[in-house]
Amino acid sequence: MLVLGFVTSSCSLSMASAPLCSRAELPSPAAQVSSMLDSAADLMIMHKDFKAAFDTCDRGLRSLSNTEHEDSRTGDLKAGFCILGIQALAELNQWQRVFSWILLQYQDQVKIPAKILQMCILLYSKVGEPVVMQEAARVWLRCPSNSGASGFGTVAELYLLHVLVPLGHKDEALELIKGDVGSVAFTEDQRQAALEVLKEKETPREEPPESPRSSPEPDASAAAASTQGSMLRKLEAMFRCLYRKVFASCSGSFSLRRLFLAAVLLYMLLLRLDPALPSSFMWISKLHQLLRQMWTVMFAPYYKAVTQSKRL
């Protein structure tokens, strides 16, 4: 629901601003159109039937277009249908049709009521398409007949904050604030606040300085390298000690091979050596050299004896 809260309150204000008169005092066509507005609101709020609510609004607007004389009561009914229709299209995810549909009802963008234009600006800003309302809002604000309309200042504020600033049109924003539109729409305090907003948008964000903890990356890498070197030396010493033990004892026995395999597995489990890491390549190379030396000492005499007996 894109703009439900705003629409509901606007619709309530629209209906509340209508003259308080009983249905019996209304002419029959106006009573029927007013009943259609109530039905559209019921379909929208109570039944969540947005398609039926929009169709009812569309029929009501066609009925109003056939009215010979348009007065304030007809204008309120028309605005009520448009407000509900905007909400229904937004709920149906057909927001692309909203402004063209509104423009079809009023024929000229300068004749669109302020509260409906406010809704359109908010809607297209919410869906990330503020450029759709740029030209329409600019023309509406520069029309002299709209400067005294209720909600003129709100339209100017929404146009500034939700259209010009997101699009990065700083020059037009300054012209709006300091020009004729700003003098009518904003008070002096509001103009100062708007200028501060533009100044904040223009000031580039300074990158935070690097913290002392994050800067000495070479020191950390050097410490890690020294740690790896000491562990490598300990590993080499351990295997050399094991190598001497094996060399001094009976070579080729099953128990010694099992002992050596258990030592290697324990080392891999305790130190969690990852062969995929570049830092582990040197470790694996050293381990491979030690294993080849032990293999040569333990089993080379046996293979030499077997080879010589085959030659004889």
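The average pLDDT of the protein is 76. Of the residues, 55% score at least 70. A word of caution here: where pLDDT is low, the predicted coordinates should not be read in detail.

Now the fold. The protein has 14 helices and 0 strands. So what does the order of elements look like from the N terminus on? It reads α-α-α-α-α-α-α-α-α-α-α-α-α-α. Take contacts between residues at least 6 apart in sequence: 63% of them join residues at least 24 apart.

Surface next. The accessible surface comes to about 19500 Å². Carbon and sulfur atoms own 58% of that. The protein has 312 residues, and 35% of them are buried.

On to the core. The largest nonpolar core holds 60 residues. Which residues have the most contacts inside it? Ile-102, Ile-116 and Leu-141 do. Helix α4, residues 72–91, gives the most to this core, with 10 residues. As background, nonpolar side chains tend to be buried together in soluble globular proteins.

Let me stay with Leu-141. Set aside its neighbours within four places in sequence. Leu-141 is then in contact with Phe-152, Val-155, Ala-156, Tyr-159, Leu-176 and Val-181.

Back to α6. The helix has 13 residues. From first C-alpha to last, α6 reaches 18 Å, close to the 18 Å expected at 1.5 Å a residue. Its buried residues are Ala-114, Ile-116, Leu-117, Gln-118, Met-119, Cys-120, Ile-121, Leu-123 and Tyr-124.

Is Gln-118 buried or exposed? Its relative accessibility is 10%, and the cut-off for buried is under 20%, so Gln-118 counts as buried. Where does its side chain go? The side chain of Gln-118 reaches the backbone oxygen of Gly-151, at 3.3 Å.

The other is Lys-126, also in α6. Lys-126 has a relative accessible area of 52%; exposed means over 50%, so Lys-126 is exposed. Lys-126 and His-162 are 36 residues apart in sequence. In space they are 8.9 Å apart, C-alpha to C-alpha.

I have two cases to show. Lys-48 has phi near 55 degrees. Lys-48 sits in the loop between α2 (28–45) and α3 (50–65). With a relative accessible area of 44%, Lys-48 is partly exposed.

Gln-107 is the other case, with phi near 70 degrees. Gln-107 is in the loop between α5 (98–106) and α6. At 62% relative accessibility, Gln-107 counts as exposed.

To close, back to the opening question. Thanks.

Key. Residues are numbered from 1 along each chain as its sequence is written. This is a predicted model: local features need pLDDT of at least 70, side-chain atom pairs count only at pLDDT 80 or more; totals for chains, interfaces and linings use all residues. Side-chain values use heavy atoms; hydrogens and water are left out. pLDDT is the predictor's confidence in each residue, from 0 to 100. Buried means under 20% relative accessible area, exposed over 50%, partly exposed in between (1.4 Å probe, protein chains only). A polar contact is a pair of N or O atoms within 3.5 Å; within protein, one must be able to donate a hydrogen and the other to accept it, and residues adjacent in sequence count only if both atoms are side-chain atoms. Helices (H or I, at least four residues) and strands (E, at least two) are DSSP runs, numbered from the N terminus. Contact means heavy atoms within 4.5 Å. Accessible areas come from the Shrake-Rupley method with a 1.4 Å probe; for residues, only the protein chains shown count as cover. The expected span of a helix is 1.5 Å times one less than its number of residues. A nonpolar core is a set of buried Ala, Val, Leu, Ile, Met, Phe, Trp, Tyr and Cys residues joined through side-chain atoms within 4.5 Å.
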